[in-house]
Structure formats: structure tokens, C-alpha cells
Amino acid sequence: MNRCFGKWHLVGFGLIITLLLVNSGIAYRNTRQLHVDAFWVAHTHEVLESLDDLLSAVRDADAGRRRLLTGRENDLKPYQATLAALDVKVERLQRLAVDNDHQQIRIRRLEQLVWEKREELTRTIAVRKGPEFEAARHVALTDPAKSRMVEIRGVIAQMEQGEQTLLAERKAANDHAYQKALASGALAALMGLAAVSGFIWILRRQMEELHARLTTHLKLRRVQAELEETNARLESVNGRMSRDLEAAAKIQKTFLPSDTPQIPGTEFVWCYRPCDELAGDGLNIIPLGDGRVGLYILDVSGHGVSAALLLVTLSRLLSPPSEPSSILMRHQDLDRPEITPVADVAERLNQLFPYDMATEQFTTLLYGVLDVATGEFRYVSAGHPGPLHLPAGGRPVILDSPGFPIGLAEEAYGERCVHLAKGDRLYLYSDGFPDAMNRSGERFGDVRLLEAIGRGGGAPLGEAIADLLGEITRWRGGERVQDDSSILAVELAAVPKPTEPKPDGPNIENWTPPETAPTVAEPALR
């Protein structure tokens with residue numbers, strides 16, 4: 001719950017309070033009825049007591065008369081007081097039974113009988129002396145006097161019976177009211193206990209929830225602190241990794257042509273564009289002496305550090321002959337080293353870098369040696385796209401280049417040869433060019449590559465490369481680069497001409513994987 005008391009809690013409390021109020025009203029009504037019934041029970045007892053008192057007074061008056069008639073004059077004053085009290089007792093009984101119509105009828109009859117009895121008693125006392133004494137005594141002992149007394153007792157007995165019945169009813173009502181009051185009180189106590197228990201339960205739940213929230217908040221604070229610490233460490237590690245990647249990228253660039261060789265009769269232009277910080281592509285232009293130049297372009301599968309490490313290792317083996325690690329020259333004769341045949345270079349690399357199932361890495365390579373004087377270009381392909389030959393004034397073709405990638409097979413590599421005439425151009429490129437994808441997922445392909453290079457045949461080599469890169473960029477339409485892209489081009493000129501500045505990476509952003517069959521030329525196999 002997000003609030004201390006939710007809607008259903010308020011509804012529950014409202015319902016309990018309403019029930020308590022209703023029960024309180026019922027309890028008040030029952031208690032009031034209990035008091036009323038108790039009052040009427042007491043009132044009935046008072047009526048019964050008054051009836052007994054009246055009957056006792058009549059009996060006392062009758063007994064006093066008998067004593068006076070026997071000559072006990074000292075009983076006269078009590079007798080007279082008793083007679084005087086009869087009227088008071090009748091009036092009191094009348095007031096007490098004012099709410100009972102049946103008793104009022106009996107009281108009127110009783111009042112008349114008591115009045116007649118009192119008159120009889122008064123008359124008898126008045127004539128007790130003198131000649132009429134015997135007559136008064138005779139009256140007191142005759143049946144009329146006795147029958148009147150019997151009738152008075154009968155009326156009082158009826159009234160007592162009526163009051164006893166009324167008393168039983170009122171006691172039953174009083175007991176019922178008492179039970180109802182007791183039940184409503186017990187119910188009120190239970191409901192109060194339920195309300196208090198519910199409040200304590202909700203309060204406990206709220207305290208538990210508050211404790212859980214506080215615990216969660218503290219955990220989140222700890223996690224946040226740990227995350228901040230981890231992020232700081234990650235930033236530090238990322239900073240080191242970025243610096244390491246920059247350093248590794250700089251090392252990779254040392255294996256690219258530092259200065260384009262100035263060889264009379266030739267023009268070289270190259271472009272190297274990795275898709276990540278570290279690339280899997282490599283290329284170089286290596287003067288081998290006697291007017292011969294080694295050209296290679298290679299592509300290590302994958303990207304990142306593992307591909308870059310393998311690329312650096314391969315590039316060291318394909319470095320200029322002045323490097324001890326280079327395999328491009330044979331040193332059988334220390335005075336006159338020989339150029340290693342291109343097929344032997346591929347064979348050597350195939351032996352040194354067998355396929356590793358753990359890394360699943362392999363390398364494609366196109367390596368060739370150009371004899372500038374004769375225009376002969378001897379090359380070997382290890383699973384790499386073949387070189388693209390653009391004859392002067394002719395149509396471009398992709399030269400046949402069979403061969404397995406480095407490390408995937410033990411078959412011998414074959415050397416091939418193509419002759420370049422003056423004005424011919426030769427392009428070595430990675431698969432990032434034909435595999436460039438547009439927004440629809442369509443490859444640029446070999447056909448479009450041939451057409452684009454053909455259209456640039458009349459332009460200077462540098463402009464032709466820049467136009468090719470621009471066309472591929474437009475084809476991609478802003479799509480992310482998926483593969484490294486590298487190209488190395490050479491043109492044989494009839495007369496040595498100044499070398500144009502190489503487009504050190506015209507701004508190619510992204511390239512992608514192959515599809516259409518290339519136009520293939522069959523150079524002589526040597």
C-alpha cells in the first residue's frame with residue numbers, strides 16, 4: 001500500500017463505527033427500557049404493599065371497634081386515628097393505580113365499601129354508650145357488617161391478583177430488557193475489541209510495511225553506492241581500455257604504408273577505414289628492390305582485440321625485408337637475397353597459423369609482387385577477392401583467384417600472373433566494398449563495383465578512388481558500417497608523373513556482406 005490507510009481500511013473503520021453507533025443506540029434503548037420496567041416492577045410492589053396496608057387498616061379499625069364495645073376506652077384515640085387514615089390510604093392507592101383502568105374500577109368499589117365500613121364503624125362507636133349500646137353491639141355482630149368486610153377482602157384480593165399478574169408480566173419484561181441490554185453491551189464490547197484488534201492489526205501491517213520500505217530503501221542505498229563504486233571502477237577500466245585501444249590502433253597503423261613509395265612509372269593510392277577502434281583488415285606497399293614492389297591486403301575474420309592481435313602478427317611477417325621477422329625475402333645467399341615466391345609466402349603463413357577451433361579465426365590474403373619494368377604482377381590468393389584489373393581504355397574485370405583461407409586447408413597454393421600495360425590499373429580490396437548494404441539490406445555487389453571503377457577510368461587515380469568511396473557512401477544511405485573496408489590501387493604510367501595525395505581514408509563510415517558473381521578474368525597460372 002502506498003498510503004498509511006487505504007480506501008478499504010477507511011471503509012472498514014467507517015462500517016465498524018457505524019455498527020458501534022447503531023449498537024450504542026440499541027444498548028441505550030434497552031437500558032432505558034430496563035429502567036422503565038424496573039420502575040414499574042417497583043411500582044407494582046408498592047401497589048401491593050398499599051393494598052396490604054389498606055386491608056390491615058380496615059382490620060385494625062374493625063378490631064378496635066370490638067375492643068371499644070367491650071369497654072376499653074383507652075383504645076379510642078388509636079381507633080379514631082385508624083379511621084382517619086383509611087381515607088389517606090385509599091387516596092394513595094388511587095394515585096398508585098391511576099394508570100390501570102381495571103384497578104380504578106375496583107378502587108372505586110373499594111372506596112365505597114371502605115366509606116360504608118367507616119360510616120358503620122363511626123356510627124357504632126357513637127352509639128356505644130347509653131340505651132343504644134346493645135343495638136350497636138348487635139350491629140357489629142350481625143351479618144351485614146361481616147359481609148361488608150368479606151366484600152372488602154374480596155375486592156382487595158382481586159386487586160392483588162391483578163397486580164400479581166401485572167408484576168409477573170413486568171418482571172418478565174424487565175428480565176428480557178436486562179438480557180437485551182446485556183447482549184447489546186456484550187456485542188458493543190466485542191465490536192470494540194474487534195475495532196481495536198483491527199486497528200492494531202492494520203497498525204502492525206503498516207509498521208511491517210514501513211520496516212520493509214526502510215529496509216528496501218537502505219538496500220537500494222547500499223546497491224546505489226555499490227553501483228556508483230562499480231561505475232567508477234568501470235569508468236576507470238573503460239578509460240584504460242580506451243587508451244589501450246587507441247595505443248593498439250596506433251600500433252596497427254604502423255603496419256600501414258607510412259609514405260607512399262615513389263617508384264618511377266607507378267602511382268599508388270590506398271584507403272583504410274576500420275569499422276571499430278581495432279580493425280581486422282591490413283594492407284601495405286613494400287619495395288623489394290630491383291624495381292619490384294610487394295603489395296598485399298589481408299582480412300582477419302571477426303573484429304576487436306583478437307582479430308587485431310592476429311593482424312599485427314601477420315603484418316610483422318609481411319613487413320619490409322629490413323625487418324628480421326619478414327618472410328618476403330629468402331636469405332640463402334647473404335650477399336644477394338631472393339624474393340620469396342608469392343605461393344611460398346602463403347604456404348608459410350598456412351603452416352604458421354593453422355585453424356584454431358577455440359578462436360575460430362582464419363585469414364584471407366591477397367599478396368602479389370609487381371615488376372614495374374615488365375608490368376608483370378604475380379600474385380596468390382588465399383580465400384580473398386581477386387584483384388580487379390582495369391585496362392587503359394577497357395572494361396574492368398575481376399581476376400580469378402582460387403585458394404583456401406590461411407589455416408583452413410593443407411593444399412598447395414597456386415601462383416597466378418597478370419600483365420599490366422602502360423595506363424592499366426590494378427585494385428586490391430577487401431570484401432567491405434562489395435558487401436556494403438543499403439537500407440533495404442541489398443549488397444553493393446561486384447557488378448556495381450565494376451561499373452563504378454569503370455566510370456572512374458578516365459579520372460586521376462586519387463579522384464577515381466574518392467568517387468568510388470562517395471558512391472558506396474551514398475549507396476549505404478547512413479547505415480552503420482558492419483565490416484572494415486580497405487583498398488589499394490596502382491597505375492602504371494607511360495611517363496613518370498607526380499603522385500597525387502592519397503585519400504588517407506576518404507570518409508567511409510560503414511560497409512556490409514557479398515552476393516552477385518564477379519566478372520572473372522583468367523590470367524596465366526605460373
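Modeller: Happy to! Contact here means heavy atoms within 4.5 Å, and helices (H or I, at least four residues) and strands (E, at least two) are DSSP runs numbered from the N terminus. The model is predicted, so local features need pLDDT of at least 70 and side-chain atom pairs 80 or more, while totals for chains, interfaces and linings use all residues. Residues are numbered from 1 along each chain as its sequence is written, and side-chain values use heavy atoms, without hydrogens and water.

Biologist: Which elements are included in what covers the buried residues of α7?
Modeller: Buried means under 20% relative accessible area, exposed over 50% and partly exposed in between (1.4 Å probe, protein chains only). In α7, residues 342-352, the buried ones include Val 342, Ala 346 and Leu 349. Their cover includes α6 (304-317), β6 (363-371) and β7 (376-382).

Biologist: How many aromatic pairs does a search of the whole structure find?
Modeller: Rings of Phe, Tyr and Trp (its six-membered ring) pair if their centres lie within 6.5 Å; planes under 30 degrees apart are stacked, over 60 edge-to-face and the rest tilted. By that rule, the number of aromatic pairs found is 2.

Biologist: Is the pair of Phe 377 and Tyr 379 stacked or edge-to-face?
Modeller: Phe 377 counts as buried because its relative accessibility is 0%, and Tyr 379 is buried too, at 1%. Their ring centres are 5.8 Å apart and their planes 15 degrees apart, which makes the pair stacked.

Biologist: How far apart in sequence are the parts that Phe 444 and Trp 475 tie together?
Modeller: These two form an edge-to-face pair, 5.9 Å centre to centre with 75 degrees between the planes. Phe 444 lies in the loop between β11 and α8, and Trp 475 in α9 (461-476), so the distance along the sequence is 31 residues.

Biologist: Are Phe 444 and Trp 475 buried or exposed?
Modeller: Phe 444 has a relative accessible area of 2%. For Trp 475 the value is 18%. Both fall under the 20% limit, so both are buried.

Biologist: At roughly what angle do the axes of α8 and α9 cross?
Modeller: Axes are lines fitted to C-alpha atoms, for helices over the stretch in contact, and angles run from 0 to 180 degrees between N-to-C directions. Where the helices meet, Arg 448 and Leu 449 are among the α8 residues, and Leu 468 and Glu 471 are among those of α9. The axes come within 10 Å, and the crossing angle is roughly 140 degrees.

Biologist: Which backbone nitrogen does the side chain of Asn 438 reach?
Modeller: Asn 438 sits in the loop between β11 (425-429) and α8 (445-455), and it is buried because its relative accessibility is 12%. Leaving out residues up to four places away in sequence, Asn 438 touches Trp 475, Arg 476 and Glu 479. A polar contact is a pair of N or O atoms within 3.5 Å; within protein, one must be able to donate a hydrogen and the other to accept it, and residues adjacent in sequence count only if both atoms are side-chain atoms. At 2.8 Å, the backbone nitrogen reached belongs to Glu 442.

Biologist: What is the phi of Asp 290, about how many degrees?
Modeller: Asp 290 lies in the loop between β2 (281-289) and β3 (292-300), and counts as exposed because its relative accessibility is 60%. Although Asp 290 is not a glycine, its phi is positive, at about 60 degrees.
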